[in-house]
Amino acid sequence: MYDVTALGELLIDFTGSGANGRGNPLFEANPGGAPCNVLAMLVRLGRRAAFVGKVGEDLFGRMLKAAIQECGIDASGLCLDPAAHTTLAFVQNAPDGDREFSFYRDPGADELLTTEELPGIKTRIFHFGSLSLTREPVRSATRSAVERAKEAGAVISFDPNLRASLWKNLNDAREEMLWGCSVCQVLKVAEEELAFLTMEEGLDAGAVKLRERFPNLRLVLVTRGKEGSVAFWKDLRVEKPAVPVNAIDTTGAGDTFCACCLHYVLEWGLDGFSEARLGEMLVYANAAAGLVTTKKGALLSMPTPSEVEGLLARCAGR
């Protein structure tokens with residue numbers, strides 16, 4: 001029994017790293033992929049985590065398998081495909097650390113995972129994102145894995161994680177993401193994704209609309225970048241500001257935040273929250289998300305609990 005199992009993409013984030021003497025751009029190969037980023041932070045927090053997905057049986061695929069094993073993530077559900085290439089993403093960072101992605105994935109190995117390749121799923125929480133819903137056969141594999149996890153009693157966690165360039169059209173993206181919302185109890189969504197899904201400009205109006213449509217949503221977590229985050233649980237709405245840091249690469253910030261919140265769900269259950277606990281969770285998750293932006297990459301850059309607590313202590317002492 002794992003604490004959290006995640007299914008989805010595992011890829012290389014080529015992060016901009018300056019230029020050589022002739023002015024040609026240099027890129028640093030960082031292991032990444034939102035679902036595994038979440039798992040890497042959960043392992044940092046002492047949780048047992050497993051990954052389900054597919055990479056190419058190539059240089060990058062072997063590098064990624066070694067990376068998640070180094071993190072302590074169970075890789076027995078990772079398939080290596082000799083006939084497919086590992087997905088790559090080139091990340092261009094702005095001066096404030098925000099980023100733009102260029103994907104090489106048509107198809108990538110992660111899109112070729114089949115239902116027949118799914119392992120048995122014994123986990124307390126099953127987490128997935130929308131990149132495994134962009135095309136077949138991984139879309140059917142994802143739907144099957146969600147159903148299996150639900151039947152086994154797992155809490156379902158979903159992150160829409162919109163990457164517009166990976167969809168043939170945004171109507172398909174919205175439809176698949178709304179399906180994800182319909183099957184999960186925990187939803188982590190960026191503010192702009194909430195607006196995309198609900199067609200509502202206001203955060204609160206969007207959250208109300210989504211929760212009314214999908215009563216299965218027990219905990220809705222909205223990230224707002226530099227503005228912090230908001231949690232909706234039962235009749236409570238709790239908001240906390242971001243923790244100030246010197247960001248250089250925001251890749252993985254939302255995944256780190258999500259992992260910390262799932263850690264609290266594992267600790268208290270979906271019925272065990274209160275206004276104080278929701279506030280504590282958001283403060284901790286905001287701090288961890290801030291710390292990961294101070295380094296390049298995500299999967300191998302997750303902060304330790306002591307680093308998170310140290311940042312919070314320094315902020316409290318100001």
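**View 1. Helix α1 passes helix α7 in a right-handed crossing.** The model shown here and in the views below is predicted. Helix α1 covers residues 34–44 and helix α7 residues 253–268; the two pack with their axes 8 Å apart, at an angle of about 55 degrees. That angle makes α1 oblique to α7. From α1, the residues A34, N37, V38, M41 and L42 take part, meeting D255, T256, C258, A259, C260, L262, H263 and L266 of α7. Sorted by class, this contact has nine nonpolar residues, three polar ones and one charged one.

View 2. R218 counts as partly exposed because its relative accessibility is 30%, which falls between the limits of 20% for buried and 50% for exposed. Leaving aside residues up to four places away in sequence, R218 touches Q185, F232, W233, K234, L270 and D271. With D271 there is a polar contact between the two side chains, at 2.4 Å. T304 lies 86 residues from R218 in sequence, and the C-alpha atoms of R218 and T304 are 28 Å apart.

**View 3. K234, a contact of R218, has a positive phi.** The phi value is near 50 degrees, and K234 is a residue other than glycine. K234 sits in the loop that runs between β12 (229–233) and β13 (236–240). At a relative accessibility of 47%, K234 counts as partly exposed.

**View 4. N161 also has a positive phi, of about 45 degrees.** N161 is not a glycine. Its place is in the loop between strand β9 (155–159) and helix α4 (170–183). N161 is buried, its relative accessible area being 11%.

**View 5. T5 in strand β1.** The strand comprises residues 2–7. T5 is buried, with a relative accessible area of 4%. Its contacts, not counting residues up to four places away in sequence, are A50, V52, T123, I125, F126 and H127.

**View 6. Cis peptide bonds at P107 and P137.** The bond from D106 to P107 is cis, and its omega is near -5 degrees. P107 is located in the loop between β7 (99–104) and β8 (123–129). E136 and P137 are likewise joined by a cis peptide bond, with omega about 5 degrees. P137 belongs to the loop between β8 and α3 (138–151).

Methods. Residues are numbered from 1 along each chain as its sequence is written. This is a predicted model: local features need pLDDT of at least 70, side-chain atom pairs count only at pLDDT 80 or more; totals for chains, interfaces and linings use all residues. Side-chain values use heavy atoms; hydrogens and water are left out. Buried means under 20% relative accessible area, exposed over 50%, partly exposed in between (1.4 Å probe, protein chains only). Contact means heavy atoms within 4.5 Å. A polar contact is a pair of N or O atoms within 3.5 Å; within protein, one must be able to donate a hydrogen and the other to accept it, and residues adjacent in sequence count only if both atoms are side-chain atoms. Axes are lines fitted to C-alpha atoms, for helices over the stretch in contact, and angles run from 0 to 180 degrees between N-to-C directions. Helices (H or I, at least four residues) and strands (E, at least two) are DSSP runs, numbered from the N terminus. Angles under 35 degrees count as roughly parallel, over 145 as roughly antiparallel, 65 to 115 as roughly perpendicular and the rest as oblique. A crossing is left-handed if the near helix is turned anticlockwise from the far one by less than a right angle, and right-handed if clockwise. Ala, Val, Leu, Ile, Met, Phe, Trp, Tyr, Cys and Pro count as nonpolar, Asp, Glu, Lys and Arg as charged, and the others, Gly among them, as polar.
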